[in-house]
Amino acid sequence: MKVIGLTGGIASGKSTASNILKQFGIPVIDADIIAREIVELGKPALNEIKNTFGKAVINEDGSLNRKYLGKIVFSDKKQLEKLNAIMHKRIMEEIINRIDMYRKNSTYPVIIVDAALLIEMNMYKLVDEVWLVVADEKIQLSRLMERDKICIEDAIDRVKAQMSTGQKKKYADVIINNNLDIAYLKNQIEKQLNRLDP
Ligand SMILES: CC(C)(COP(=O)(O)OP(=O)(O)OC[C@H]1O[C@@H](n2cnc3c(N)ncnc32)[C@H](O)[C@@H]1O)[C@@H](O)C(=O)NCCC(=O)NCCS
Ligand SMILES: Nc1ncnc2c1ncn2[C@@H]1O[C@H](COP(=O)(O)OP(=O)(O)OP(=O)(O)O)[C@@H](O)[C@H]1O
């Protein structure tokens with residue numbers, strides 16, 4: 001079984017690529033979903049976040065106010081580091097567990113780990129190949145503003161909170177260009193799958 005790490009900057013198109021891969025019947029381990037599970041009500045990470053950032057980041061029903069926490073951490077590197085210290089070891093542990101489960105119990109020829117911070121968190125070492133989804137920065141920013149309904153300043157903050165695409169390219173085995181339409185994205189993914197499992 002080949003484990004593919006799918007990564008790319010924010011709003012580059014990883015989730016869109018993941019959805020295409022799922023349509024081909026390929027299992028996807030999604031780091032964003034795991035990150036949300038870790039901070040569900042009653043989970044220890046949520047308590048640590050409350051102790052670190054204060055009650056203001058918690059909604060009235062006790063859940064995490066993601067929008068507000070995002071505002072804090074994506075505009076201040078020190079705050080982001082504090083959040084990463086709470087989250088990343090837990091996300092990584094869960095991803096390793098899930099990869100192990102697939103390796104032991106499944107006959108899938110290919111599985112995907114979809115993680116924005118695959119390289120930043122050194123998780124590229126856990127996978128057999130790194131696929132990097134890229135889109136020109138202008139396209140990335142406009143898709144991000146449109147999807148998250150945020151202004152250009154907030155969009156730039158979020159892009160800057162991550163390693164640059166140029167740096168990420170050094171770790172990539174495959175570059176997937178997502179500057180054009182979904183059909184173009186799908187076509188590149190199909191070609192890569194055919195290479196792995198003809
Ligand atoms: C700060 C939080 C609460 C904001 O939540 P929100 O719902 O607004 O955004 P969401 O979780 O959907 O993330 C959107 C995108 O932001 C980027 N992003 C998320 N966390 C980080 C981070 N720590 N550093 C840089 N970029 C990040 C990713 O590209 C991600 O896909 C949330 O992103 C979070 O808990 N982040 C820490 C966990 C993490 O590192 N996740 C990424 C795992 S690879
Ligand atoms: N080829 C495309 N053409 C037009 N819109 C696209 C294309 N690919 C992705 N999008 C849109 O751009 C936005 C960002 O894509 P997506 O959510 O897949 O990015 P992502 O890399 O998963 O982002 P994040 O890091 O925030 O999770 C979405 O609204 C998506 O529908």
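1. In the class counts used here, Ala, Val, Leu, Ile, Met, Phe, Trp, Tyr, Cys and Pro are nonpolar, Asp, Glu, Lys and Arg are charged, and the others, Gly among them, are polar. By that scheme the shell around ligand 1 holds 13 nonpolar, three polar and four charged residues.

2. The model is predicted: local features need pLDDT of at least 70, side-chain atom pairs count only at pLDDT 80 or more, and totals for chains, interfaces and linings use all residues. Residues are numbered from 1 along each chain as its sequence is written, while chains are lettered from A and ligands numbered from 1 in the order in which they are written.

3. Ligand 1 has 20 residues around it, and I10, A31, R66, G70 and A116 come nearest; a residue counts as near a molecule if its C-beta atom, placed from the backbone, lies within 6 Å of it. Helices α2 (31–38), α4 (66–73) and α5 (77–105) each supply at least two residues of this shell. Helices (H or I, at least four residues) and strands (E, at least two) are DSSP runs, numbered from the N terminus.

4. Ligand 2 is surrounded by 16 residues, of which K14, S15, T16, R143 and R147 are the closest. By class, five are nonpolar, six polar and five charged. Elements α1, α6 (137–148) and α9 (182–196) each supply at least two residues of the shell, with the largest share, three residues, coming from α1.

5. The UniProt annotation "binding site", from an unreviewed entry, covers A11, S12, G13, K14, S15 and T16. UniProt positions are given in the numbering used here, feature names are shortened, and annotations may be inferred rather than shown by experiment.

6. K14 lies in helix α1 (residues 14–23), and S15 is also found in helix α1. The cut-offs are 20 or more other C-beta atoms within 10 Å for buried, 12 or fewer for exposed, and partly exposed in between, with C-beta atoms placed from the backbone. Not counting residues up to four places away in sequence, K14 touches L6, T7, G8, D114, A116 and V133; contact means C-beta atoms, placed from the backbone, within 7 Å.

7. Strand β3 (residues 110–114) has four of its five residues buried, so it is largely enclosed by the rest of the structure. Strand β1 (residues 2–8) runs parallel to β3, joined by five bridges, and K2 has V110 as its bridge partner in β3. Strand β2 (residues 28–30) also pairs with β3 in the parallel sense, over three bridges, with D30 opposite D114. Pairing requires that DSSP finds at least two bridges between two strands.

8. β4 is mostly covered, with five of its six residues buried. Its parallel pairing with β1 has five bridges, and L6 stands opposite W131. β4 pairs with strand β5 (residues 174–177), again in the parallel sense, over four bridges; V133 has I176 as its partner in β5.

9. The largest nonpolar core has 28 residues, and those with the most contacts inside it are L6, A17, I112, V113, L118, L132 and I176. Two or more residues come from each of β1, α1, α5, β3, β4 (129–134) and α9, and β4 gives the most, with five. A second, separate core of five residues includes V39, I49, F53 and V57. Such a core is a set of buried Ala, Val, Leu, Ile, Met, Phe, Trp, Tyr and Cys residues joined through C-beta atoms within 7 Å.

Methods
Contact = placed C-beta atoms within 7 Å.
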